[in-house]
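Please look over the sequence and the model shown here, and then read the report that follows.

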Amino acid sequence: LTWDYFFIPPQRTFHFSEPEDMAMCLALLVGAAVTGTLTSRIRRRDRLLRSREQRTNALYQIASAISAASNRRQFASAVSENLSLQVPGRFAIALKSVAGTLEPIFSDLRDNWITGEKEWTVAMWAFEHGKVAGWSTDTLASASARYIPLIGPGEITGVLAYRPHGEAYISQDEENLL
């Protein structure tokens, strides 16, 4: 439209006197539309690749920290710290004991929120049934945290508890990471 207005006679009007001028304007319009669409796709793919890269890096950092841990407390601390860098909120871990029961692993004193009666009941339910329960789920949604069973080879080995800050929303990417 700018080309037509300033350069095609009669100038300073949106009138086409020649069919070639109309064809040229349409070609420019189609070229701009195609370029815009392709640029939008490239940007969307770039955002997706960056997100995947960040998730992969986070998983690598967590795996490295876990392999460096020499006991359950260091394990819980490594997982909690690395996940809290990726997903805003608090984390706690409860692992299966030798006796086969669930026991909380405190990386520090701030993790004791998981042992509250209501929260511990939801954690036990997630452990026993092998399904996600708690906050933002359809199962026991009144809990203040989400309890994700840690499934090992052939058995459930514990529960990862995630408590968001306030009434936060968890994105699909963050949910996949957890």
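## Strand pairing in the sheet

Two strands are said to pair if DSSP finds at least two bridges between them, and the elements themselves are DSSP runs numbered from the N terminus, with helices (H or I) of at least four residues and strands (E) of at least two. The model is a predicted one, in which local features need pLDDT of at least 70 and side-chain atom pairs count only at pLDDT 80 or more, whereas totals for chains, interfaces and linings use all residues. Residues are numbered from 1 along each chain as its sequence is written, and side-chain values use heavy atoms, with hydrogens and water left out.

Strands β1 and β2 run antiparallel and are joined by 4 bridges, and Ala94 has Pro104 as its bridge partner in β2.

## Strand β5 and its partners

Strand β5 is joined to β1 by 6 bridges, the two running antiparallel, and it also pairs with β4 (residues 146-151) in the antiparallel sense over 6 bridges.

How many of the 8 residues of β5 are buried? Taking buried to mean under 20% relative accessible area, exposed over 50% and partly exposed in between (1.4 Å probe, protein chains only), 6 of the 8 are buried, so β5 is largely enclosed by the rest of the structure.

## Overall form of the chain

The secondary structure of the protein chain comes to 5 helices and 5 strands, and from the N terminus on these elements run α-α-α-β-β-α-β-β-β-α. The chain has a radius of gyration of 28 Å, well over the 16 Å that the globule rule gives for 178 residues, so it is more spread out than a compact globule; the radius is taken over C-alpha atoms, and the rule is 2.2 Å times the number of residues to the power 0.38. Along the principal axes, the C-alpha atoms fill a box of roughly 90 × 35 × 30 Å.

Buried residues account for 32% of the 178 residues in the chain. Of the contacts between residues at least 6 apart in sequence, 42% join residues at least 24 apart.

## Aromatic pairs and a charge over a ring

A search of the whole structure finds 3 aromatic pairs, where rings of Phe, Tyr and Trp (its six-membered ring) pair if their centres lie within 6.5 Å, and planes under 30 degrees apart count as stacked, over 60 as edge-to-face and the rest as tilted. One of them joins Tyr5 and Phe6, whose ring centres are 5.1 Å apart and whose planes stand at 90°, so this pair is edge-to-face. Tyr5 is partly exposed at 27% relative accessible area, and Phe6 is likewise partly exposed, at 41%.

Phe91 and Tyr162 form a tilted pair, 5.0 Å centre to centre with 35° between the planes. Phe91 lies in strand β1 (residues 90-96) and Tyr162 in strand β5 (residues 156-163), so the pair ties together parts that are 71 residues apart in sequence. Phe91 is buried at 3% relative accessibility, and Tyr162 is buried at 2%. Ring pairs also link Phe91 and Tyr162 with Trp135 into a cluster. Elsewhere, the charged end of Arg163 sits over the ring of Trp113, 4.6 Å from its centre, the criterion being that NZ of Lys or CZ of Arg is within 6 Å of the ring centre and within 35 degrees of the ring normal.

Technical notes
Contact means heavy atoms within 4.5 Å.
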